[in-house]
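My notes follow the display.

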Amino acid sequence: MPIRTATTADHPRLLRLWRAAVEATHDFLTPADVDALDPQVAAYLAEVPELLVAESGSGIQGFIGADGRSIEMLFVDPAVHGRGVGTALIAALGPGPLTVDVNEDNPSGRRFYVARGFVEVGRSPLDGEGRPFPLLHLRRD
């Protein structure tokens, strides 16, 4: 699966993909929560130091944003969940330790990372914005 660096022209598609993935996997968020996050995610797409997309003949299937060895965002089109897109995006970051935070209330996200060798190393009762969405801190060496 081809993986490339995202361009600003990709951002509208990435934002739509983010929304579809969140609506499919983040049951703890209300529609208002997702709407409130939308502009924040749009802004972060332009700021994340490394932003990669996975493509197929049908277009972008997923994306990963990283800051150094920290995965800041990883979202895959729900239509292709379970087909190796997320795994390929993680692999594209190269060898070495990685960290990621996953919402405690997103069991599918936690299972995904654990299946790829990540282990829980901590927990925060609030997300990075101070909202009551607990985070699990995971690491893979």
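I count two strands as paired if DSSP finds at least two bridges between them. Helices (H or I, at least four residues) and strands (E, at least two) are DSSP runs, numbered from the N terminus.

The model is predicted, so I kept to its limits: local features need pLDDT of at least 70, side-chain atom pairs count only at pLDDT 80 or more, and totals for chains, interfaces and linings use all residues. Residues are numbered from 1 along each chain as its sequence is written, and side-chain values use heavy atoms, with hydrogens and water left out.

Entry one, the strands. I looked up S3 and found it antiparallel to S2, with seven bridges between them. Glu-55 has Ile-60 in S3 as its bridge partner. Two residues make the hairpin link from S2 to S3. S3 and S4 also run antiparallel, joined by six bridges. Gly-65 is bridged to Met-73 in S4. The hairpin of S3 and S4 has two residues between the strands, and Gly-68 in this turn has a positive phi of about 65 degrees.

Entry two, burial. Seven of the nine residues of S3 are buried (under 20% relative accessible area; 1.4 Å probe, protein chains only).

How values were computed
Buried means under 20% relative accessible area, exposed over 50%, partly exposed in between (1.4 Å probe, protein chains only).
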